[in-house]
Amino acid sequence: MSEEYPAQEPEGPPPDATELTLQQLVLESQDIRVFLTELAVLASSRLSSAGNTIHSGVTVLRNKRPQAVAASDAAARALDELQNGFGQGPCLTALHQGTTLLVPDLAAETRWAPYVRTAAQHGVSSILAVPLDLAGDAEAVLNLYSGRSNGFSGEDIVAVETFAAQAASSLRLIIRISQLSEVRNDLTAAMQSRTVIDMAVGAIMAQNRCDRDTAFSILTRASSTRNVKLREVAATVITSISGEDRITAHFDE
Amino acid sequence: MNADWTGGPDSLLEADEQRRAVAKRFQDSEVPLIKLWTYYYGLGGDADEISLDAYLNEALHLPAAQVGLISTAMRELFAGGEE
């Protein structure tokens, strides 16, 4: 299965537009990063015990490429990045398969050889990877590293799976809200912009006694030859006629 | 809003070419469709999101004025967002 992971190809198939938005949100939203960091810290403190410190990180897939986005500490971040650099490893396989994956003892592991060897040199002995089910909105995996072999008990695994599921459903909600608020902000900006442009088009139609398409092409030409945004050209037109420099759209939110 | 495309075969060919270039530029940009449509709408565009989608998949022709606005929307949006 791990062989299917291409070593970080720059070109992938063009991603679906919706999928892209969501992945961008996961990676770029400050709220989501904070949430994922809290998740990693919580996972690490919940599972760590005396003599068995658990490092935890979250990797998100973007354009088929994995990216470490949050971690409980620098060690976890480094381990995530190491794996993403190799382009293969247990966490990426878990992400790919959508199922929890446990490597109880790195010394006995034969898969992902280059990564496993390097991780062992960094003092890792067991790894637990739990994917976050984001219902196709994005793909993310919670990675847990222990310095002990058999560092994760059956109980630990159940506990992590339970709160990974809870975290995933909260995350789905955060993603939806962020997405909607972005669309809403864009629409508000579009309403303002369209109001100004429509007014300017009307003014040009009246002045030049031309139709709407002609008025638009006059504006568009002015915008592209001067390399000024259409909206700014429109605002200049209105100001030159009426002296008004603040036009606001009339609609309630 | 299927175009009132009244030009002869030559201009239709030209429109095909132009459309292909616009579609390619859109795909390369990786900008989500809703983002482009909202911006284009903000410039005074009249086509709905589905027609824009069809245009960008080379399945529909739009009137020249709309094509001009789509190009302008792309130029402004890809140049660095809406300030």
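Leaving aside neighbours within four places in sequence, which residues is Val58(A) in contact with? They are Leu36(A), Leu39(A), Ala40(A), Val69(A), Ala70(A), Ala140(A) and Leu142(A). Two residues are in contact if their C-beta atoms, placed from the backbone, lie within 7 Å.

This is a predicted model: local features need pLDDT of at least 70, side-chain atom pairs count only at pLDDT 80 or more, and totals for chains, interfaces and linings use all residues. Residues are numbered from 1 along each chain as its sequence is written, with chains lettered from A and ligands numbered from 1 in the order in which they are written.

**Nonpolar cores**
- A nonpolar core is a set of buried Ala, Val, Leu, Ile, Met, Phe, Trp, Tyr and Cys residues joined through C-beta atoms within 7 Å.
- Buried means that 20 or more other C-beta atoms lie within 10 Å of a residue's own, placed from the backbone.
- The largest nonpolar core has 47 residues; Val58(A), Val141(A), Leu142(A) and Leu144(A) touch the most other members.
- A second, separate core of 30 residues includes Ala190(A), Leu36(B), Ala47(B) and Leu69(B).

**Chain B**
- Chain B has four helices and zero strands. Helices (H or I, at least four residues) and strands (E, at least two) are DSSP runs, numbered from the N terminus.
- Of its 83 residues, 35% are buried.
- Among contacts in chain B between residues at least 6 apart in sequence, 71% join residues at least 24 apart.

**Contact between the chains**
- Chain A supplies 21 residues and chain B 17 residues.
- Helix 6 of chain A gives the most to the chain A side, with ten residues.

Terms used:
A residue is buried if 20 or more other C-beta atoms lie within 10 Å of its own, exposed if 12 or fewer, and partly exposed in between; C-beta atoms are placed from the backbone.
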